Amino acid sequence: PTAAADPRLATWQRLDLGPLDERDAIILLRQSLGEPLEATQARALVRALGRCPLAIVECRKLLTPAQIAGTNPLPDPVPVGARLQHAWARLAADLPERAQDALLDLSALDSSPRDLVAGALARAGCGESDLDQARAVGLVVEGRHGAPAIGNPLARAAVLGLHSPESVRATHQLMADLAVATDSPPAVVIGHLRRACSMGDEQCIAELETQAQRAQSLGHAEVAARGWLVAAQLSPNQQDRVARGVQAARAWLTGTTSAEGGSEVLTILNEEPLSPPDTVWREWLRAEVLASHDLTRAAAAALVAARHADTMQPTLVPWLLWDAAATSWMAGDTELGLTAARRLEQWTSHLVRPAGGVPAGLGPGVLGAALLQAGITDEGVRHIRAAREATRVPERAAGHDSSGLLN
């Protein structure tokens with residue numbers, strides 16, 4: 001962490017190792033793991049590890065395979081090995097007691113708005129000037145909000161590691177209360193409650209639901225989904241867990257383009273049989289989670305979701321079938337794609353007019369594409385022509401042509 005930690009080494013030639021630039025950090029990570037890692041996850045992992053070479057080469061011992069692969073979320077804070085813990089914690093332990101209290105609050109806050117940081121420092125009985133020594137040794141820097149923040153994720157982990165789990169949880173609870181009092185964004189409140197609360201804490205669960213609803217009303221669907229997920233994870237009653245898990249799935253699937261964290265929700269929804277409407281959300285979520293590594297199974301799950309939605313939530317059916325067909329093609333499974341496309345064409349053929357945002361000609365258009373994929377050329381061409389004709393007639397009357405949807 002510091003240059004010239006021992007004056008006897010002052011005359012030695014030095015090579016500072018880190019943090020590496022991101023490209024080199026990713027190369028080192030992949031070499032250390034000895035296996036391929038998807039680029040987005042590799043970037044997320046090296047950033048969480050502060051691009052520190054020692055943390056990178058040790059991560060395989062400190063993280064699970066699922067955490068490394070990105071199928072499970074990284075722990076917060078990310079764990080550090082004994083040598084890094086000692087190096088960073090030694091710097092914090094040498095600071096005055098008041099500065100150490102402020103460092104604990106800053107570590108709990110991570111990088112937060114200035115008013116929240118100011119409130120936390122006041123709670124510790126100090127101001128920004130009390131952090132000057134921590135700045136000098138690299139523990140504190142200016143955060144993205146212009147307020148003091150812990151310098152890197154490894155230092156943050158080391159500072160939190162100096163305190164008992166009970167003390168860290170109590171600090172997060174205080175930060176959650178402060179965030180609510182200062183009308184901080186729902187994501188900030190949910191983040192602190194997740195780290196503060198224990199199983200069965202009904203007051204905490206109620207606040208998580210409040211913040212999830214608040215996030216939903218603000219259009220922050222992913223934040224809402226995480227709030228519902230944490231509330232579900234803290235619920236000891238299985239029915240409550242599942243009901244909140246369904247809320248999380250709905251928020252993720254209808255308001256975001258990412259199913260990150262979806263595997264955790266799926267685990268909860270697999271705990272007991274669901275009603276047909278709730279089964280739709282579970283199977284749709286399963287399709288999204290599987291899409292990252294098993295496209296054929298993802299397409300099959302979308303077909304199951306469409307079957308359950310047929311009578312209970314019919315407006316979802318065309319999109320689930322369209323998703324199943326497209327995913328099948330990406331998987332190279334033309335037979336499964338053709339099954340999905342035929343069901344879509346049959347479903348849309350009963351519509352008197354396009355409904356629920358369903359484009360005119362969607363059914364025959366997707367079926368035509370599926371038939372061409374399967375090598376059934378003449379029938380495929382006929383359906384493509386029928387789809388073009390279906391889009392042409394009503395759209396001309398409206399003064400525009402949206403047949404490009406089928407191109």
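Here are some friendly notes on the predicted model above, point by point.

1. Ground rules. Residue numbers start from 1 along each chain as its sequence is written, and side-chain values use heavy atoms, with hydrogens and water left out. Because this is a predicted model, local features need pLDDT of at least 70 and side-chain atom pairs count only at pLDDT 80 or more, while totals for chains, interfaces and linings use all residues.

2. Confidence. The chain has an average pLDDT (the predictor's confidence in each residue, from 0 to 100) of 85, and 93% of the residues score at least 70. Helices here are DSSP runs of H or I with at least four residues, numbered from the N terminus. Helix α12 (residues 202–217) has the highest confidence, at 95, and helix α21 (residues 377–398) the lowest, at a mean of 76. One stretch to treat separately is residues 395–407, where the pLDDT is below 50. Beyond near neighbours in sequence, that stretch has 13 contacts in the model, a contact being heavy atoms within 4.5 Å.

3. The disulfide. A disulfide is taken as a pair of cysteine sulfur atoms within 2.5 Å, and the whole structure contains 1. Its partners are Cys197 and Cys204, with sulfur atoms 1.8 Å apart. The torsion about their S-S bond is about 95 degrees, so this disulfide is right-handed. Both Cys197 and Cys204 are buried, meaning under 20% relative accessible area with a 1.4 Å probe and protein chains only; exposed is over 50%, and partly exposed lies in between.

4. Cys52 is in no disulfide, and the nearest cysteine sulfur, that of Cys59, is 11 Å away.

5. Nonpolar cores. A nonpolar core is a set of buried Ala, Val, Leu, Ile, Met, Phe, Trp, Tyr and Cys residues joined through side-chain atoms within 4.5 Å. The largest has 61 residues, and those touching the most other members are Leu29, Trp88, Leu103, Leu139, Leu154 and Leu208. Helix α6 (residues 97–109) gives the most to this core, with 6 residues. Leaving aside residues up to four places away in sequence, Leu29 touches Leu37, Ala42, Leu45, Val46, Ile56 and Cys59. A second, separate core has 50 residues, among them Ala215, Leu320, Leu321 and Ala340. As background, nonpolar side chains tend to be buried together in soluble globular proteins.

6. A buried glutamate. Is Glu283 buried or exposed? Glu283 counts as buried because its relative accessibility is 7%. This residue sits in helix α16 (residues 276–290), and its contacts, not counting residues up to four places away in sequence, are Ala301, Val304 and Ala305.

7. Backbone points to check by eye. The peptide bond from Asp76 to Pro77 is cis, with omega near 5 degrees; Pro77 lies in the loop between α4 (65–69) and α5 (82–93). Arg51, in the loop between α2 (39–48) and α3 (53–62), has a positive phi near 55 degrees despite being a residue other than glycine. Asp183 also has a positive phi, near 55 degrees, and belongs to the loop between α10 (165–181) and α11 (186–196). Arg51 is partly exposed at 30% relative accessibility, whereas Asp183 is exposed, with a relative accessible area of 57%.

Methods
Helices (H or I, at least four residues) and strands (E, at least two) are DSSP runs, numbered from the N terminus.
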